[in-house]
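Reader: Please pick one part of this model and go through it closely. I would like the cut-offs stated where a term comes up, and the surroundings of that part described as well.

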Amino acid sequence: MEDLDFKVKKKNLYETVADRMEDMILSNSLRQGERLPSEQELALKFGISRNVMRESLKLLKERQLIVQKNGEGTFIAKPESGSVTEILNRMLRLDDIGYMDVYEMRKLLEPYASRVVAEKKDDLDFEKLEQYLQGMIESKDVWDKRIDYDIQFHICIAEATGNPLLICFINSMVSLWKTILLRGIVTQQEGHQDGIEFHKRIIESLKQGDPDEAEAVMRAHIEKSAKMCWVEDVQ
């Protein structure tokens, strides 16, 4: 880190410093998992007071670019899809995102992910998929638990694509779907078993390495699940 340029003009103080450090992080001058110097050392490098440095670090933490661990220090954070989900959840609660918005995004992303995974099925953990499916079957009377297994099933497929952006957005979309369902839902009686059968077909199409079938079944599953639920306008 000795070769990095930490000097900034003393305008806007902590925001300017935070912006400079963000640039370093995004350009990989400061790398994920790297431990930062102490607050005092950073203040000296930037030529600012410790109080200003403390506010800069606080701002970087709010931006989820660093993580502070008690007794260990401050580290460059690994980007997590959870932060995207949190933002989208706030928008959902403010009614900036609707039920159909989430459905349409899932319909765009997940069939494509299934196609990609079917083309390179060796990267998919079928044992995990089977476990999540079994969890759904066994928890049919515990709705929130059943949804959690369902979410993990879809995330498992997304992760097998190896595409970090696709993983991030599918993770966020299926997590939002849970929020929508738990806000208020009426399902047809056959909804649970219908979903189980679709998940079985998804696994089978992926095992066969059939991209067309995997894409078609996933799209049909998402379309059917949207039709079989009614979400109340709960604030």
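Author: Helix α5 passes helix α10 in a right-handed crossing. A crossing is called right-handed if the near helix is turned clockwise from the far one by less than a right angle, and left-handed if anticlockwise. Helices here are DSSP runs of H or I with at least four residues, strands are runs of E with at least two, and both are numbered from the N terminus.

This is a predicted model, in which local features need pLDDT of at least 70 and side-chain atom pairs count only at pLDDT 80 or more, while totals for chains, interfaces and linings use all residues. Residues are numbered from 1 along each chain as its sequence is written, and side-chain values use heavy atoms, with hydrogens and water left out.

Two packed helices are described by the angle between their axes and the distance between the axes. For α5 (residues 99-119) and α10 (residues 211-227), the axes come within 7 Å and cross at roughly 160 degrees. The axes are lines fitted to C-alpha atoms, for helices over the stretch in contact, and the angles run from 0 to 180 degrees between N-to-C directions. The two helices α5 and α10 are therefore roughly antiparallel; angles over 145 degrees count as such, those under 35 as roughly parallel, 65 to 115 as roughly perpendicular, and the rest as oblique.

The α5 side of this contact consists of Tyr99, Tyr103, Arg106, Lys107, Glu110, Pro111, Ser114, Arg115, Ala118 and Glu119. They meet Pro211, Asp212, Ala214, Glu215, Met218, Arg219, Ile222, Glu223 and Ala226 of α10. Sorted by class, the contact of α5 with α10 has nine nonpolar, one polar and nine charged residues. Nonpolar covers Ala, Val, Leu, Ile, Met, Phe, Trp, Tyr, Cys and Pro; charged covers Asp, Glu, Lys and Arg; the others, Gly among them, count as polar. Contact means heavy atoms within 4.5 Å.

Ser114 is buried, with a relative accessible area of 0%. Buried stands for under 20% relative accessible area, exposed for over 50%, and partly exposed for the range in between, with a 1.4 Å probe and protein chains only. Residues up to four places away in sequence aside, Ser114 touches Ile157, Leu206, Ala214, Glu215 and Met218.

Helix α5 also packs against α7 (residues 143-160), where the axes come within 8 Å and cross at roughly 60 degrees. That makes α5 oblique to α7. On the α5 side, Arg106, Glu110, Ser114 and Val117 make the contact, and on the α7 side His154, Ile157 and Ala160. These residues divide into three nonpolar, two polar and two charged. The crossing of α5 past α7 is left-handed.

His221 lies in α10 and is buried at a relative accessible area of 6%. Not counting residues up to four places away in sequence, His221 touches His154, Phe198, His199 and Ile202. Glu213, also placed in α10, is partly exposed at 34% relative accessible area. Neighbours within four places in sequence aside, Glu213 is in contact with Arg201 and Ser205. Glu213 and Arg201 are twelve residues apart in sequence, and their C-alpha atoms are 9.1 Å apart.

Lys207 belongs to helix α9 (residues 191-207) and is partly exposed, with a relative accessible area of 36%. Lys207 and Val117 are 90 residues apart in sequence, yet 9.8 Å apart from C-alpha to C-alpha. Beyond neighbours within four places in sequence, Lys207 is in contact with Lys121, Phe126 and Glu130.

Helix α7 has a further packing partner: α6 (residues 126-138) and α7 pack at about 160 degrees, with their axes 8 Å apart. That makes α6 roughly antiparallel to α7. Lys128, Leu129, Tyr132, Leu133, Gly135 and Met136 of α6 make the contact with Arg146, Tyr149, Asp150, Gln152, Phe153, Cys156 and Ile157 of α7. By class, they divide into eight nonpolar, two polar and three charged. Helix α6 passes α7 in a left-handed crossing.

As for the whole chain, it has ten helices and four strands, and 43% of its 235 residues are buried. Among contacts with a separation of 6 or more, 72% join residues 24 or more positions apart.
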